[in-house]
Amino acid sequence: MSSRILIVDDDSFVREVLSANCRMLGHQAMLASNGAEAIKVIGGSRPDLVITDVVMPEVDGVELVRHIKTTPSFETIPVLVISGTANLKTTAKCIELGAEDVLQKPFETSILHARIKASLERNELRKQAALAREVETREKLGKEIVGTICHNFNQPLTAVLGNLQ
C-alpha cells in the first residue's frame, strides 16, 4: 500500500535521501524545508506519516511535533524525528510530545526502513481499532434506539389491550 510521507528538513540533501528511501519502499514523498511549511502541507494534504528534523529555522521539529499532536485533526498522524544532535533532553521531549521514534543522523537505511514500516503499520492498526470501536458504538446505539422504539410502541398497545379485556 502506498502511503504519503511528509519529509521535513532544512537540508535539501537530507530531504532527497529520505525521499529516495520512501520511494524505494513504494511510498509518495512530500517535501517541506521547515516546520512552518510542513504545517501548511499537512493542512492541505494530510500525510500518513511525517519524518522531521529537529533543528530547523522558523518552526523547529519539537514545535512541529507539538503542533501535530495537539491539533485534533492531525493528532493521529505518526511522526518520526531525525536528529543530528545527540541531545537526550530534546529526544525525550519529542517522545513525550508523541513522536513514534527518534533516529540519530547519520541513520542506517535498514533501520529507517524498519521505522517507517512499523510506524505505518501501527497507524493502520490504530485506525482499524478506532473503526471497530465506532462500529461497536453504533451497533450499541442502534440496539438502544430499537429498544426504546419497541418500548414506546408496546406501552400504548398494552393500554389498548387492557381496555379491551
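Reader: Where is the place of valine 55?
Author: Valine 55 sits in the loop between E3 and H3. Helices (H or I, at least four residues) and strands (E, at least two) are DSSP runs, numbered from the N terminus. This is a predicted model, where local features need pLDDT of at least 70, side-chain atom pairs count only at pLDDT 80 or more, and totals for chains, interfaces and linings use all residues. Residues are numbered from 1 along each chain as its sequence is written, and side-chain values use heavy atoms, with hydrogens and water left out.

Reader: Is valine 55 buried or exposed?
Author: Exposed, at a relative accessible area of 54%. Buried means under 20% relative accessible area, exposed over 50%, and partly exposed in between (1.4 Å probe, protein chains only).

Reader: What does valine 55 touch, not counting residues up to four places away in sequence?
Author: Asp10 and Thr85. Contact means heavy atoms within 4.5 Å.

Reader: Which loop holds glutamate 58?
Author: The loop between E3 and H3. Glutamate 58 has phi near 65°, a positive value in a residue other than glycine. Glutamate 58 counts as exposed, at 67% relative accessibility.

Reader: On to the sheet. What is the strand order?
Author: E2-E1-E3-E4-E5, an open sheet of 5 strands with parallel pairing. Two strands pair if DSSP finds at least two bridges between them. The edge strands are E2 (28-32) and E5, each pairing on one side only. From one strand to the next, the twist averages 20°.

Reader: How many bridges between E1 and E3?
Author: 4, in the parallel sense, with E1 covering residues 4-8. Leucine 6 stands opposite valine 50 in E3.

Reader: And what packs on the sheet?
Author: H3 does, touching E1, E3 and E4. The direction of H3 makes about 155° with that of E3. Helix H1 (residues 12-24) lies across E1, E2, E3 and E4, and runs at about 165° to E2. Axes are lines fitted to C-alpha atoms, for helices over the stretch in contact, and angles run from 0 to 180 degrees between N-to-C directions.

Reader: Now E4. How many of its residues are buried?
Author: 5 of 5, over residues 79-83. Val79, Val81 and Ser83 point one way from E4, while Leu80 and Ile82 point the other way.

Reader: Which residue stands opposite leucine 80 in E4?
Author: Isoleucine 51. Strand E3 (residues 49-53) is joined to E4 by 4 bridges, and the two run parallel. Leucine 80 also stands opposite aspartate 101 in E5. E4 and E5 (residues 101-104) pair in the parallel sense over 4 bridges.

Reader: What do E3, H3 and E4 make?
Author: A right-handed β-α-β unit, with H3 spanning residues 61-70. A crossover is right-handed if, with the strands pointing away from the viewer, the path from the first strand over the helix to the second runs clockwise.

Reader: At what angle do H3 and H4 pack?
Author: About 10°, with their axes 9 Å apart. H3 and H4 are therefore roughly parallel to each other. Angles under 35 degrees count as roughly parallel, over 145 as roughly antiparallel, 65 to 115 as roughly perpendicular and the rest as oblique.

Reader: Which residues make the contact?
Author: From H3, Val62, Val65, Arg66 and Lys69. From H4, Thr90, Lys93, Cys94 and Leu97. The residues of this contact divide into 4 nonpolar, 1 polar and 3 charged. Ala, Val, Leu, Ile, Met, Phe, Trp, Tyr, Cys and Pro count as nonpolar, Asp, Glu, Lys and Arg as charged, and the others, Gly among them, as polar.

Reader: Last one. Which peptide bond is cis?
Author: The one from lysine 105 to proline 106, with omega near -10°. Proline 106 is in the loop between E5 and helix H5 (109-164).
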